[in-house]
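Please open the structure in your viewer and keep a selection tool at hand. The stops below are given in the order to select them.

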Amino acid sequence: MADISIDYMGLKLGSPVIAGSSTLTKDMDSLKKAEDAGAGAVVLKSLFEEELRQDAGEIEDDYHPEAYDYMNADAAMVYGSAEYLEYVKKAADKISIPVIASINCEGTKWWTDFAANIEEAGADAIELNVAFVPFDKDINGTSAEQKYIDVVKSVKNKVDIPVAVKIGSNFSAIPNMVQKLQDAGADSITMFNKYFQLKINTKTLELEPIHTFSEPSDAYSVLRWVAITSRQCNIDISATTGVYNEDMLLQYLLAGAKTVQVASALYKDGMSVISDLNSGLASWMKHRNIENVSEMIGLAAKKKVKQVQTFERLQYIKIADGAIFQ
Ligand SMILES: Cc1cc2nc3c(=O)[nH]c(=O)nc-3n(C[C@H](O)[C@H](O)[C@H](O)COP(=O)(O)O)c2cc1C
């Protein structure tokens, strides 16, 4: 019998499939359904820094773009910090798989104490969804990166539970940034954050949000960076984007991710996606005589340097019959 249990940033998961942070993981019944379907863990809906600032009386009318996205996705759901702690407690009571709380933050100011409260409330880990993007021409990349490092250091100083960092794909040097986050104390990196997209309505000239779930093909740019990073950095990686079937789950694990986080497919096809992913993984392992899932992590990346170098090729040179020729 294939063993699909895995150690992820020190947590023992029954499966590498995690129900990713979304409005679905806000709902207690959905959390239970995710557990029953065989999820290894759940990431709770994020608490956005804006909500903490509101509690502190610093209401700003220019929401951070990502917060705007996710809050718009379910405008009725707005947590204050007390409500969020209550939510973490309820989730930890309701299910026995690991509960990963999620904080969406831009800087250190709001987090230092609140992260400790989240730990006390019963979270098994925290995922920091750091979403600081230097939109201002006077902010350079180095100072933007430093913000991430400062957030990780300050949270790690306050909690004993593992801390994952969910990053965007917009760094100029992703493996180097991952290494810096690991040096700052991060226990895992989640690749990648999905940012809010806007379109211009050509009739009204107004901006409108585009609420799209991932497409399966969105996974491949993430796959590239999982493979390239996992070969160089000795830190757990959780891949998120475009997992709809076991083939993508397998690809992410073979590229070096220890876990995957699924959201869009759960909206579209329900929690049974999780059990399908688990059984697809187990039968692939059985077919290959792989006893424990940890044996296959990075099998197509870490040990195949030349293959990963192909991932580093950015431009097509020649394509024939669907294959790339160099
Ligand atoms: C409706 C919706 C709400 C989401 N809310 C959050 C959130 O609060 N925090 C977060 O870190 N990610 C959030 N995400 C991103 C997902 O956790 C996931 O990383 C992303 O959607 C990519 O995975 P997918 O392709 O399976 O959807 C949300 C995604 C969706 C679709």
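This is a predicted model: local features need pLDDT of at least 70, side-chain atom pairs count only at pLDDT 80 or more; totals for chains, interfaces and linings use all residues.

Residues are numbered from 1 along each chain as its sequence is written, and side-chain values use heavy atoms, with hydrogens and water left out.

Select lysine 12 in strand β2, residues 11–13. Strands (E, at least two residues) and helices (H or I, at least four) are DSSP runs numbered from the N terminus. Lysine 12 counts as exposed because its relative accessibility is 64%; exposed means over 50% relative accessible area, buried under 20%, and partly exposed in between (1.4 Å probe, protein chains only). Leaving aside residues up to four places away in sequence, lysine 12 touches Ile6, Asp7 and Pro98, where contact means heavy atoms within 4.5 Å.

Next, select Leu198, Ile200 and Leu207, which make a nonpolar surface patch of about 310 Å². Patches are made of residues with over 30% relative accessible area and no salt bridge, with like charges joined within 9 Å and nonpolar side chains (Val, Leu, Ile, Met, Phe, Trp, Tyr) within 5 Å. A salt bridge is a side-chain nitrogen of Lys or Arg within 4 Å of a carboxyl oxygen of Asp or Glu. Isoleucine 200 belongs to strand β9, residues 197–200, and is exposed at 55% relative accessible area.

Finally, select Glu246, Asp247, Asp269 and Asp276, which form a negative surface patch. Aspartate 269 sits in helix α10, residues 264–269, and is partly exposed, at 47% relative accessibility.

Key:
Accessible areas come from the Shrake-Rupley method with a 1.4 Å probe; for residues, only the protein chains shown count as cover. Lys and Arg count as positive and Asp and Glu as negative; His and the chain ends are not counted. The place of a charge is taken as NZ of Lys, CZ of Arg, CG of Asp or CD of Glu.
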